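Reader: I have a model open and want to go through its fold. Can you take me through it, terms included?

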Amino acid sequence: MKLLLPNKVAIVTGAASGIGAAAAKRFAREGAKVACVDFNLDGATEVANMIRSVGGEAVAIKTDVSNEDDAREMVRLTVKAFGNPTIVYANAGVAGSGSAADVSMESWTRVVAINLTGVWLSSRYLLPIMIEAGGGSIINQSSIGALIGVPGIASYAAAKGGVIGLTKQMSVEYGPQNIRVNAICPGTVPTPLVEQTYRERGGFAADKRSEGAVGFQEILDRSRARVPMGRLGTVDEIAALAAFLASDESSWITGQAIAIDGGATSQ
Ligand SMILES: NC(=O)c1ccc[n+]([C@@H]2O[C@H](COP(=O)([O-])OP(=O)(O)OC[C@H]3O[C@@H](n4cnc5c(N)ncnc54)[C@H](O)[C@@H]3O)[C@@H](O)[C@H]2O)c1
């Protein structure tokens, strides 16, 4: 079977857990050499080791994507390990709870620093390499929380919306250099981040559509009930879209914010 990413060098941020871990493994299965980037080095190392244990190529790199020096170093270490990367999946992110009237300045600043500034910095030092290489694919992680209003996540929605704006801007700016830039907007996929979001919001207590705090399982059941396809997504489904967008199979797709949500934003 034809591999999607033969001999490509890819960076996946947030690769220690959830969607990023699934994407790192999928990219490696498709033939890419993968830099598994995360500020959780133990988790990233575990994922890189899993990839290597089945014959793939991967390194783990400790990076805080919101730190500019780290972002520069992430690129330097990837180049040192595998040569010039032409794919980045800027997936690292954190939950952000609070309404516009009550989110703290500290929480707002952190969420925007990681979920928006971190996405920009993830390609900041890669762009010259991609231009030199004659092209590349940048995949930025957004959320359906940027496409529809969801109560209780003001900073998260603002950051994820900013990611879509940045994606469209960059796609226009770097299209002439054959660099494609797209955003993925997943619906609910059970991961540690989702659990953290719901815990921070006190169950659905902060969700004006519901009453009272409920357990995590019940919250997932309620999320599932809002999806026309009747189920939540899986990390592997998001990873499959990322692999497609990273590959030449999507060679004329750029500047798009693609929802992958079982139809949740179509109703
Ligand atoms: N799971 C969902 O339902 C869902 C829906 C829409 C969007 N997303 C987005 O998908 C992305 C991945 O989320 P996930 O659900 O897999 O969460 P997760 O918590 O399982 O994984 C996130 C990873 O990002 C890492 N990370 C966080 N801050 C970092 C930083 N500053 N520098 C480097 N690494 C950092 C964490 O250590 C973790 O390994 C996030 O951007 C999230 O907002 C998730």
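Author: Two strands pair if DSSP finds at least two bridges between them. Helices (H or I, at least four residues) and strands (E, at least two) are DSSP runs, numbered from the N terminus. This is a predicted model: local features need pLDDT of at least 70, side-chain atom pairs count only at pLDDT 80 or more, and totals for chains, interfaces and linings use all residues. Residue numbers start from 1 along each chain as its sequence is written.

Reader: How many bridges join β1 to β2?

Author: Five, between β1 (residues 9-13) and β2 (residues 33-38), and the two run parallel. Val-9 stands opposite Lys-33 in β2, and the β2 bridge partner of Ile-11 is Ala-35.

Reader: And what is the order of the strands in the sheet?

Author: The sheet is open, with seven strands in the order β3-β2-β1-β4-β5-β6-β7 and parallel pairing. β3 (57-62) and β7 (257-260) are the edge strands, each pairing on one side only. On average, neighbouring strands are turned by 20° against each other, direction ignored; axes are lines fitted to C-alpha atoms, for helices over the stretch in contact, and angles run from 0 to 180 degrees between N-to-C directions.

Reader: Back to β1. Are its residues buried or exposed?

Author: Five of its five residues are buried. Buried means 20 or more other C-beta atoms within 10 Å of the residue's own, exposed 12 or fewer, partly exposed in between, with C-beta atoms placed from the backbone. In a regular strand the side chains alternate between the two faces of the sheet. In β1, Val-9, Ile-11 and Thr-13 are buried on one side, Ala-10 and Val-12 on the other.

Reader: Which strands does α2 lie across?

Author: Helix α2 (residues 41-53) lies across β2 and β3, at about 175° to β3.

Reader: Last one: what does the C-alpha trace span?

Author: About 55 × 35 × 35 Å along the principal axes. The protein has nine helices and seven strands, and 46% of its 267 residues count as buried.

Key: Two residues are in contact if their C-beta atoms, placed from the backbone, lie within 7 Å.
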